[in-house]
Amino acid sequence: MSETKKTDAADAVVPQQAVAPEDRADSAKGSGDREVLLRVQGLKKHFPIRKGVLQRQVAAVKAVDGIDFEVRKGETLGVVGESGCGKSTMGRVITRLQDPTGGTIEFEGQDITSLSVGKMRPLRRDIQMIFQDPYGSLNPRHTIGSIVSAPFRLQGVAPEGGVKKEVQRLLELVGLSPEHYNRYPHEFSGGQRQRIGIARALALKPKLVVADEPVSALDVSIQAQVVNLMDDLQSELGLTYVIIAHDLSVVRHVSDRIAVMYLGKIVELADRTSLYEAPMHPYTKALMSAVPVPDPKRRGAKSERILLKGDVPSPIAPPSGCRFHTRCWKATEICKTTEPPLLELKPGQQVACHHPENAADQAPQDTVLLSAAREAVELVIPAQSSPQESEASKEASEPEAAEPVVAKAAAEEEAPAEAEAEAEGADDAAEAETEAEEGDASAETEAHEAEASADAEAAEVDASVEAETEAAEVDASVEAEAKSDAAEADRQESTDK
Ligand SMILES: Nc1ncnc2c1ncn2[C@@H]1O[C@H](COP(=O)(O)OP(=O)(O)OP(=O)(O)O)[C@@H](O)[C@H]1O
């Protein structure tokens, strides 16, 4: 409760150097002149933690805690942030698979925040979701035909030319053969399964597709294919995407604009170029510094890598003021007491920070760093030019490995499991107790997931039998080939004689 009060107080603080309204209008005319498809305001999703016989609520996991953004027709909004910052919850809430705790969601101008399941049904055609796990999200007992045609059955839609023809067209659209219609999910690779998931999501020609980590479960080589497929489909079908991902390279490749989340809040929202070239929020800067540069020639241009120290605080009791102040090297007293609002400091670039990078300071009078700020980060200078430098940077990173300090900025590539375990460990009890709360998630999704997990074992067995069979087939064909080679050699020999 106290945080809420502080937040309210924070809202009253008007930083002096935000972009003037007329400039904002200009920026809206630029990249933002497309029609708004989805508008989210003050969106919150809190999972209650209940205790005791009476199951009284004692606290709440503030997974999403007051976020505002818009998605325009035909664009791709990327959402990034560390594990546990509320990305997936945000995705499930905007598609109304979970009910929000507060705020509003408007789709094509219609307020869908509290529509009942029945009233949401017709809108389900327009808003679809692609899930992260291509193995768990397809029912192993159903054929591909049945999986991809499910949306037609559920919505009572009869496509022109019949369901089978339409499903086969969709399979072709996503790069699969129409002959796969009668096959089962275990007969496909991860990338192919994700294509099937995409075909299912596109069956009803949706306007908005929310993809939650669509490629993170796939091999790197397959990721590019699926990302390119989604790109092509967007131009072909005029789709609008919200793509949730923790891989900054993927997000950079696919997004027009990017929202950076930290502990249930959007800390920066900007177009791709501004965000990658001149990030304003220190957290964004730290995330960006962790993105590997693939080109060795350009690697030298990358200044230093910022490793954030300390853990992500618990979303049950997030820090006061700016939630990032406990890990920020620029934090001053105001950051501790006053929550910075998300303001457009440059046309098309919104940031929630009192002391932004690449922009005028919003609280120039507040200059004394918090003592923790001095310890908040570690800079790693890329080892490249001289041997001495490489030695120094090696030394700088060694004690860090010995310390129990988690370099969170690098968590995206180095320790996602650890970060996740932390967040989840703290919230395990909460999750268990609030499971029942999730009854509001789409019945369709739940039934599907339950069935899928019940059958996962069967699928695994099938898959291993399949793998054995395949291996046997390969052996047999190799043997046959060897035999025919030998016969050919014999024939050749006798001809020569
Ligand atoms: N059903 C639930 N009950 C209780 N807490 C939940 C529930 N679902 C999510 N949370 C908590 O909400 C927070 C945000 O979780 P969420 O899955 O949205 O994060 P995320 O950014 O998508 O992380 P990841 O990338 O690991 O999926 C976490 O602390 C998580 O433990």
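This is a predicted model: local features need pLDDT of at least 70, side-chain atom pairs count only at pLDDT 80 or more; totals for chains, interfaces and linings use all residues.
**Helix α5 against helix α7**

On the α5 side I found Ile-144, Ile-147, Val-148, Ala-150 and Pro-151. They meet Ile-196, Ala-199 and Arg-200 in α7. I sorted the contact residues by type: seven are nonpolar, none is polar and one is charged.

Next I checked the geometry. Two packed helices are described by the angle between their axes and the distance between the axes. Helix α5 covers residues 144-155, and helix α7 covers residues 190-202. Their axes come within 7 Å and cross at roughly 30°. Angles under 35 degrees count as roughly parallel, so α5 is roughly parallel to α7.

**The eight-stranded sheet**

In what order do the eight strands of the open sheet stand? I read β6-β7-β8-β3-β9-β10-β13-β12, with mixed pairing. Then I asked why one side of β6 and of β12 has no neighbour in the sheet. Neighbouring strands here are turned by 25° against each other on average, direction ignored.

I picked one pair to follow. Strand β10 (residues 265-271) and strand β13 (residues 349-351) run antiparallel, joined by three bridges. Glu-268 has Val-351 in β13 as its bridge partner.

A helix also packs on this sheet: α11, residues 282-289. Helix α11 touches β3 (76-80), β9 (257-262) and β10. The direction of α11 makes about 105° with that of β9.

**Thr-273**

I found Thr-273 in helix α10, residues 272-277. Is Thr-273 buried or exposed? I noted 12 other C-beta atoms within 10 Å of Thr-273. A residue with 12 or fewer counts as exposed, so Thr-273 is exposed. I also checked Ser-255, which is 18 residues from Thr-273 along the chain. The C-alpha atoms of Thr-273 and Ser-255 are separated by 9.9 Å.

Strand β1 spans residues 36-51, and strand β2 spans residues 56-72. I found 13 bridges between β1 and β2, in the antiparallel sense. Val-36 stands opposite Arg-72 in β2. Four residues lie between the strands of this hairpin. There, Gly-52 takes a positive phi near 80°.

**The annotated domain**

Last, I turned to the record. An unreviewed UniProt entry gives the annotation "domain: ABC transporter" to residues 38-288. In the model, this span is 36% helix and 28% strand. Its end C-alpha atoms lie 27 Å apart.

How values were computed. Residues are numbered from 1 along each chain as its sequence is written. UniProt positions are given in the numbering used here, feature names are shortened, and annotations may be inferred rather than shown by experiment. Helices (H or I, at least four residues) and strands (E, at least two) are DSSP runs, numbered from the N terminus. Two strands pair if DSSP finds at least two bridges between them. Axes are lines fitted to C-alpha atoms, for helices over the stretch in contact, and angles run from 0 to 180 degrees between N-to-C directions. Two residues are in contact if their C-beta atoms, placed from the backbone, lie within 7 Å. Angles under 35 degrees count as roughly parallel, over 145 as roughly antiparallel, 65 to 115 as roughly perpendicular and the rest as oblique. Ala, Val, Leu, Ile, Met, Phe, Trp, Tyr, Cys and Pro count as nonpolar, Asp, Glu, Lys and Arg as charged, and the others, Gly among them, as polar. A residue is buried if 20 or more other C-beta atoms lie within 10 Å of its own, exposed if 12 or fewer, and partly exposed in between; C-beta atoms are placed from the backbone.
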